[in-house]
Amino acid sequence: MSAPSAPSLDVVAFGATSFVGKILCRYLLEEFGAHGELKWAAAGRSKAKLEELRDSLGAEAKTLPLVVADAADDASLRKLCASTRVVLSTVGPYALHGEPLVKACAESGTDYCDLTGEVQWIRRMVQRYEAAARRSGARIVHCCGFDSIPSDLGVHFLQRQALRRFGAPCTRVKMRVKAMRGGMSGGTVASMMNLVKEAAADPALRKELADPYSLCPAGAAPKVRQPEVRSMEFDADFGAWVAPFVMSAINTRIVHRTNALSHQAYGADFRYDEAMLMGRGLKGQLAAAGMAAGLAGFMLASAVGPLRAGLERFVLPKPGEGPSPDAQREGSFDLRFVGTTADGHQIRTKVTGDRDPGYGSTGKMLGQAAACLALDVGTGDGKAAPPGGFWTPATIFGDRLIERLTDHSGLTFEVIPDSRS
Ligand SMILES: NC(=O)c1ccc[n+]([C@@H]2O[C@H](COP(=O)([O-])OP(=O)(O)OC[C@H]3O[C@@H](n4cnc5c(N)ncnc54)[C@H](OP(=O)(O)O)[C@@H]3O)[C@@H](O)[C@H]2O)c1
């Protein structure tokens, strides 16, 4: 029997015809061209839709390779994996469509990254395919979009600065969303609604979702009680009122997994939470109360079948819909971090993005994560390449992705002078 031929592609973008997939393909074309340093292809289940996408990308994309594969057709996924070193996937909800591809990648030794924020699904994938990924050498990296790259790499960046300045990591870190402009897509809504539906039907899952260490490997979860902003409160470190931040439910789990995988590099008693800054004085207090009540009402409505159906039908975007190109261009985000060491030294940092967080910036983050897997991490930078298994963005990419994102994706990672901003 002849040896299998080497993959001809570096990256295949599966789900290229999704709302976020189209943004991502446009970005990959701008950054890498159709046949440049990164050899990539667009993949999806419909040949006609893929051709339509390629046409919409202009003359430069005329010879961009296309791969037809269906998430429900195992043979097509195996073929897709054999053609490339890295698959990135935007086919969601991942809990509904994602497992066969993760299985195929883990078993075939193909590196993989995606945009999921579905904690319950990530946990299932780790439990089911970690051993196969270790055997085959496949590096699997979930959460390579707005959830959870800015949080995970933001804490990684802050800790690097803290170690440099104080010789110790910050054992308490807060992330606060100072500003965020953007919208939601139908795919994100479908993923959120599926999670709410699963949780409403399963008390064990509700318990799992409430556990801040649910993505830490067995036996590696610290005993420390984690802080959580559940309602409005005053944050003395920022001199402002804060309200709950919906993405903290996934971001905090990824940050704790990073700490666990890196042998508690942030400290065995590391504490982390996320919230939204709502302003100072009475105005800030009222805004925080409004935001907390609005979020609680939305979660409640999503959990009740008929109300959820009404939201899906009349209020929220449908699959394939999302913020307009203008809204993406005019969008942005500004995240503030404050870290405190065990002996009281404090450092403040920020992470910003120049497009709307969920789509314009997320497309660029996922594209660079895939490029980092294919071009940087794959070679191990001259050192041994990281072994197969389920990683987090910070543990596998670290500074290499920060560099890519600041050089090519409009993100900034900065230390800010000590002030109350
Ligand atoms: N982490 C983040 O920050 C972030 C940000 C944005 C989005 N997301 C996630 O990304 C995912 C995509 O979001 P979106 O709004 O772009 O979704 P969308 O527009 O609804 O697209 C879903 C895609 O899945 C494809 N698909 C469905 N079933 C398939 C199958 N059996 N085989 C192959 N492809 C199949 C669809 O193919 P067709 O085109 O052929 O219909 C479509 O392209 C969602 O899970 C969302 O939650 C995460």
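Buried means under 20% relative accessible area, exposed over 50%, and partly exposed in between, with a 1.4 Å probe and protein chains only. Keep that scale in mind for the tour.

This is a predicted model, where local features need pLDDT of at least 70 and side-chain atom pairs count only at pLDDT 80 or more, while totals for chains, interfaces and linings use all residues. Residues are numbered from 1 along each chain as its sequence is written, and side-chain values use heavy atoms, without hydrogens and water.

**Stop 1: the whole protein**

Show the cartoon. The protein has 16 helices and 14 strands (DSSP runs numbered from the N terminus: helices are H or I, at least four residues; strands are E, at least two). The radius of gyration is 21 Å, close to the 22 Å of the globule rule for 421 residues, so the protein is as compact as a globular protein of that length. That radius is taken over C-alpha atoms, and the rule is 2.2 Å times the number of residues to the power 0.38. The C-alpha atoms fill a box of roughly 65 × 50 × 45 Å along the principal axes. Of the 421 residues, 52% count as buried.

**Stop 2: S361**

Select S361, in helix 14. Is S361 buried or exposed? S361 is buried, with a relative accessible area of 0%. Now show its surroundings. Leaving aside neighbours within four places in sequence, S361 is in contact (heavy atoms within 4.5 Å) with F333, G353, D354, R355 and D356.

**Stop 3: the core**

Select F14, W40, F337 and F397. These have the most contacts inside the largest nonpolar core, which has 102 residues. Such a core is a set of buried Ala, Val, Leu, Ile, Met, Phe, Trp, Tyr and Cys residues joined through side-chain atoms within 4.5 Å. A second, separate core has 7 residues, including F238, A240, L277 and V338.

Stay with W40. Not counting residues up to four places away in sequence, W40 touches L9, V11, C25, L28, L29, G33, A34, L64 and P65.

**Stop 4: the cavity**

Rolling a probe the size of a water molecule over the atoms shows where empty space is left. On a 1 Å grid over the protein atoms alone, a cavity is a set of points where a 1.4 Å probe fits but cannot get out; a pocket is an open set with protein on both sides within 12 Å along at least five of seven lines; lining residues have an atom within 4 Å of a point. Points join across faces, edges and corners, and a volume is the space filled by probe spheres set on them.

How many cavities of 30 Å³ or more does a search of the whole structure find? The search finds 1. The largest cavity has a volume of about 60 Å³. Select its lining: I122, V126, I140, H142, I254, R257, F390, W391, T392 and P393. Helix 6 (119-136), helix 10 (248-261) and strand 13 (389-391) each give two or more residues to this lining.

**Stop 5: a pocket**

Select K22, I23, R26, E30 and Q328. Among the 15 residues lining the second largest pocket, these lie nearest its centre. The volume of this pocket is about 430 Å³. Helix 1 gives the most to its lining, with 6 residues.

**Stop 6: G109**

Finish at G109, in the loop between helix 5 (99-108) and strand 5 (111-114). G109 is partly exposed, with a relative accessible area of 28%. Leaving aside neighbours within four places in sequence, G109 is in contact with S136 and A138.
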